[in-house]
Amino acid sequence: MIKSRTYVKVKGLNQERALNNISKTVNIYNYKRNEHNIGEFEVENSKSSQIVELLKKEGLEIVDIKSRGFVHSLKTLSKSLGIIAGLIFVIVFYIVQYNFVLKIDVWGGESEENRLVKEFVQSSLTSNFKNSIDTDELELLIRSNFDFVSSVSIAIVGQSIIVNINPATMPDEMQGQFQPIISNYNGIITEINLIQGTLNCEVGSIVQEGDILVMPYMTDSEGTLYEVEPRAEIIAEVWSQASVSHYDYKITKTRTGKTITLNEVLLGDIVIYQNFCEIVFEDYEIESYSQSLSDIILPLVLRKTIYYEVEIEEVFQDFSEVKDRIIGEAREKALIFFDKNEIIINENYTISEGAGCYIVNYTITAQVDIGGNSAS
Amino acid sequence: MFNFFDEIKNKASSIDNNFLNDYNILNISGKLLYVEGHLGVTIISDSQIAFKVKKGRVVVDGEGLFLCELTDNTLTVQGKINKMEIF
């Protein structure tokens, strides 16, 4: 529908004669006669007013007339002032608002870092107008205000400020909280390989748990102290001791599972209710607890006392029968303090006896890197 | 300037060109009929279109005929053209 033409439907007799006359001044297109006295045709849009006059002059009745085509649509649109005004407003609004930045995107860092940088950029902008944003200055500001940013590039894309940051990677010796290396063991230092920091011990020193082994600073040739994360390989012979006791005669109590519960409601110290029950157990253990029922008006307390029936048994067991097991238990207890891959240098035990009580003391000596971790 | 009809007329050596200037009719594939030098349409229907030419009358018979274009001295008939007679 590119061609702009006016469609005309006419009614009348001897249309051939009329067409011959009209065609002398106006070109006729696509003339069709579907009925004897009704014909339809098209003329150029520019001739629409002329064709109306000519048809009247020829005595033909115009049944229908309408304009078609792209140019006609444009002309119709051009007469719709509201639409034009709306279009102009939209275009102007778009052009104006396109000059403003509406969004800030920060890429490259952790989410928390990105949030901080975004807030900083937002607060640094004096205006959202694109031309007033100095990206170079913003880059400098970000670099100087955030230690975790090693480099930054800022670009304005569309209506967004894209901030691309490269997180700074601190050298290993500068990382950490600069806490000293502290011994977690008791032992004698046999070997030291200091990587960084200042030693606070020497080979042959006896250290105890909690002693500082390496200080978190270094001194340069000019005597200036600067903090570093202490690192060292400090090998020490450390020992771990555990003891297990055994009694040749002892009394054991075992709960049978039977219980009796005594419920009491107290007002202060006065018992105002009690479900009386008789304790029929020969031997028993008692557990009791209280629960406040109401302390708004009256300080009512529910006290429950549970009686557990127990069986008391006398056990006679000679130490010699269980000696190996007791020593094994003591060894297991001593080993708890070491990692599985520690090198055990020596282990021994002593047994002390007194009044039917035997105490097994088990000592394990192992070679441990006590400088392998810092307190941080 | 190249003129299609003049080129054809120049090939007719035995006829005086003055006798070939009354009208020109060109039938294209029986679907389109172009006419130069008509003197007015006399019949228009979907089965027959007739028009006057100098010293005669032309009748076009067919189906679904309509005037594709009509100007002062040219016309174009479109449709299925079965027969064209000159009287």
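1. Burial in chain A. Of the 376 residues of chain A, 18% count as buried; a residue is buried if 20 or more other C-beta atoms, placed from the backbone, lie within 10 Å of its own, exposed if 12 or fewer, and partly exposed in between. This is a predicted model, in which local features need pLDDT of at least 70 and side-chain atom pairs count only at pLDDT 80 or more, while totals for chains, interfaces and linings use all residues. Residues are numbered from 1 along each chain as its sequence is written, and chains are lettered from A and ligands numbered from 1 in the order in which they are written.

2. Confidence in chain A. The mean pLDDT of chain A is 83, and 94% of its residues score at least 70; pLDDT is the predictor's confidence in each residue, from 0 to 100. Within chain A, helix α3 (residues 70-79) has the lowest confidence, with a mean of 72. The highest is found in strand β3 (residues 38-44) of chain A, at 91.

3. Elements and contacts of chain A. Chain A contains 7 helices and 21 strands. Helices (H or I, at least four residues) and strands (E, at least two) are DSSP runs, numbered from the N terminus. Among the contacts in chain A with a separation of 6 or more, 65% are between residues 24 or more positions apart; two residues are in contact if their C-beta atoms, placed from the backbone, lie within 7 Å.

4. Helix α7 of chain A. Does the length of this helix agree or disagree with its residue count? The 17 residues of α7(A) (residues 319-335) should span 24 Å at 1.5 Å a residue, and the end C-alpha atoms are 23 Å apart, which agrees; the expected span is 1.5 Å times one less than the number of residues. At A:R325, α7(A) bends by about 30°, the bend being the angle between axes fitted to the seven residues ending at a residue and the seven starting there. The buried residues of α7(A) are A:I326, A:A330 and A:A334. An α-helix has 3.6 residues a turn, so residues three or four places apart point the same way. Elements that cover these buried residues include β15 (231-247), β20 (343-354) and β21 (357-369) of chain A.

5. A three-stranded sheet in chain A. An open sheet of 3 strands has the order β8-β12-β10 in chain A, with antiparallel pairing; two strands pair if DSSP finds at least two bridges between them. Its edge strands, β8 (181-182) and β10 (198-199) of chain A, each pair on one side only. Between β10(A) and β12(A) (residues 212-215) there are 2 bridges in the antiparallel sense, and A:L199 stands opposite A:V214 in β12(A).

6. Overview of chain B. Chain B has 1 helix and 6 strands, which run α-β-β-β-β-β-β from the N terminus on. Of its 87 residues, 21% count as buried. Residues 24 or more positions apart account for 35% of the contacts in chain B with a separation of 6 or more.

7. The β1-β2 hairpin of chain B. Strands β1(B) and β2(B) run antiparallel and are joined by 5 bridges. They form a hairpin with 3 residues between them, and B:S29 in the turn has a positive phi of about 55°. B:L26 lies in β1(B) (residues 24-28) and stands opposite B:Y34 in β2(B). Why does B:L26 count as partly exposed? B:L26 is placed in this class because 13 other C-beta atoms lie within 10 Å.

8. Side chains alternate along β2(B) (residues 32-36): B:L33 and B:V35 point to one face and are buried.

9. The interface. Contacts between the chains involve 12 residues of chain A and 14 residues of chain B. On the side of chain A that touches chain B, the elements giving two or more residues are α1 (15-22) and β2 (28-35) of chain A, and β2(A) gives the most, with 6 residues. The residues of that side divide into 4 nonpolar, 4 polar and 4 charged; Ala, Val, Leu, Ile, Met, Phe, Trp, Tyr, Cys and Pro count as nonpolar, Asp, Glu, Lys and Arg as charged, and the others, Gly among them, as polar. Strand β2(A) pairs with β5(B) (residues 56-70) in the antiparallel sense over 3 bridges, and the bridge partner of A:Y31 in β5(B) is B:L67.
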